[in-house]
Amino acid sequence: MSRRNIMNGFSSSEPREDYVTEPPHHSTSTKRRSRLPQYNHNGHKVTKHIHPDGESGRRGIHPWHFFRICFRSSCTASMLVNVLWPFVPAAIAIHFSRPDLRLWIFIVNYIAMIPAANLLGFAGQELARKLPSVFGVVLETTLGSLVEIVLFMVLLKTDHHSGHNIPIIKAAILGSILANLLLCLGMCFFVGGLTRHEQEFDEAISEVGHGLLLVAGLGLIIPSAFATALAGPSTDTVQMTAQSLHQAVLKISRLTAVILLAAFLIYLWFQMRSHHGIYDAIIKADEEKDEDRHKDLSKSKLTLTESIIAIIIALTCVILIAVFLVEQIEFIVEEHHVKDAFMGLILVPLVEKVAEHLTAIDEAWDNTMNIALSHILGATVQTALLNAPLAVIVGWCIHVDLGLNFEIFQIVVVILAIIVVGNFLRDGKSNYLEGALCVLVYLIITVSTWYYPNPAFPGNENVSESGANSTETGGQGQAAHRMLKMMH
């Protein structure tokens with residue numbers, strides 16, 4: 001379900017009840033009525049080509065309104081995040097003035113990414129409200145995942161064919177899925193269940209999202225299973241050299257990425273066009289339960305110009321902070337002994353997803369669980385079907401060997417998380433106990449990744465640029481075979 005339809009709760013093809021056309025008694029035909037001015041629920045005259053829910057009643061730029069609306073953001077939690085904005089200029093300043101303080105550069109930029117990502121999400125939401133349905137949904141989908149995409153692209157570009165950033169990117173792909181399914185969904189269940197016996201949600205949202213996640217998980221695990229099956233000693237299969245196996249896995253990963261992108265496009269069409277009516281009634285009924293709905297409708301909104309300016313400012317900050325942050329990752333990993341798995345599986349996903357998580361948790365608190373689930377499952381599907389394949393294809397274009405051959409520990413954890421969450425969603429109800437269990441499982445995974453060793457690169461200095469990561473595949477497969485041997 002698109003966030004634009006989620007916020008509006010109706011299809012663009014259905015009649016509106018929130019705004020009126022005046023004066024109706026002067027109109028004698030449909031053609032005549034369509035030319036009369038329209039007014040939205042706040043009494044603002046609707047500008048041509050602007051959706052009524054996105055009409056601000058203003059034009060151009062008004063600095064006071066701009067800063068006030070951006071600071072207020074979409075919910076109370078997001079507004080509190082904006083208190084961190086002083087870290088943004090501080091992060092830029094410390095990068096240029098004290099490049100020797102590498103640890104502090106990482107810490108300050110890590111904190112600064114949170115309010116910048118929060119502004120990008122809010123501005124994208126404001127802009128999408130003003131646009132036609134299809135274009136607005138596509139634009140908001142892109143903006144919603146832009147922080148994660150930017151981080152992946154910067155990590156790929158700064159890898160310099162060394163292979164050191166590849167494990168972090170792979171872990172971040174799976175870590176983003178884990179953070180959404182266990183941490184964010186768990187917090188939604190927990191917070192929403194604190195003041196209620198249980199919360200209910202519709203199976204149309206949970207089943208479609210969970211089904212897509214299972215398919216995406218299967219697509220992500222196949223290259224890893226292929227590599228593991230052929231890397232170690234076996235009497236049933238013909239042995240492949242590490243280099244030939246690496247190239248085979250890389251080709252499978254790239255073809256899989258293309259197929260997953262096609263699946264994402266089909267999912268968008270299903271959600272926005274062919275089956276959007278299924279979701280509209282569910283979301284509209286959910287909005288009626290929102291205790292703050294009257295406040296949301298009466299909130300001031302950004303103008304079209306202000307929305308674009310906010311996106312440009314936020315995107316500029318996100319790109320700068322991402323570059324400064326990624327530059328320090330190798331130093332943090334090597335000098336402060338932070339594991340690649342912990343950096344990619346925990347730290348990177350938390351900073352890129354915190355703004356979306358706060359919004360979803362606020363919706364669960366307002367008892368709009370269908371909307372919260374749409375955000376969580378939609379963001380997770382987007383990571384698996386769009387962001388991860390896009391990173392693989394971009395790496396292919398710039399000659400960086402990024403494949404979908406994940407560490408066995410990481411991919412098994414993700415698949416188990418998808419299955420566990422699917423069981424919680426099956427009955428269409430949630431409570432604080434289920435939420436607490438999800439969060440506790442995420443904490444267990446966090447502790448485990450802190451002790452998970454970095455992948456070894458024996459002889460890495462002697463391999464070619466195209467085969468920098470070939471030893472990772474072989475080592476992973478041999479470890480898996482040793483474990484199976486011990487079990488027998």
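Colleague: Which class does L437 belong to: buried, partly exposed or exposed?

Modeller: This is a predicted model, in which local features need pLDDT of at least 70, side-chain atom pairs count only at pLDDT 80 or more, and totals for chains, interfaces and linings use all residues. Residues are numbered from 1 along each chain as its sequence is written, and side-chain values use heavy atoms, with hydrogens and water left out. L437 lies in helix 19, where helices (H or I, at least four residues) and strands (E, at least two) are DSSP runs numbered from the N terminus. Buried means under 20% relative accessible area, exposed over 50% and partly exposed in between (1.4 Å probe, protein chains only), so L437, at 39% relative accessibility, counts as partly exposed.

Colleague: Which helix gives the most to the nonpolar patch?

Modeller: The patch, of about 710 Å², is made by L194, W365, Y432, L433, L437, L440 and L443. Areas come from the Shrake-Rupley method with a 1.4 Å probe, and for residues only the protein chains shown count as cover. With five residues, the greatest contributor is helix 19.

Colleague: Why do the buried residues of helix 5 line one face of the helix, and within what arc do they fall?

Modeller: In helix 5 (residues 87-97), the buried residues are V88, A91, I94 and H95. They line one face because, seen down the helix axis, they fall within a limited arc, taken from the directions from the axis to the C-beta atoms. That arc is 135°.

Colleague: Which helices do these buried residues of helix 5 pack against?

Modeller: Contact means heavy atoms within 4.5 Å. The partners of the buried residues of helix 5 are helix 6 (102-128) and helix 14 (304-327).

Colleague: What is the relative accessibility of N180?

Modeller: N180 lies in helix 9. Beyond residues up to four places away in sequence, N180 touches L185, K353, H357, I376, A379 and T380. N180 counts as buried because its relative accessibility is 1%.

Colleague: Which residues does N387 contact, leaving aside neighbours within four places in sequence?

Modeller: N387 is found in helix 17 (residues 369-397). This residue is buried, with a relative accessible area of 2%. Its contacts, with those neighbours left aside, are S145, E148, I149, F152 and Q382.

Colleague: Where is H399, and what is its phi?

Modeller: H399 sits in the loop between helix 17 and helix 18 (408-425), and is exposed, with a relative accessible area of 59%. Most residues other than glycine have a negative phi. H399 is not a glycine, yet its phi is positive, at about 65°.

Key: Patches are made of residues with over 30% relative accessible area and no salt bridge: like charges are joined within 9 Å, nonpolar side chains (Val, Leu, Ile, Met, Phe, Trp, Tyr) within 5 Å. A salt bridge is a side-chain nitrogen of Lys or Arg within 4 Å of a carboxyl oxygen of Asp or Glu.
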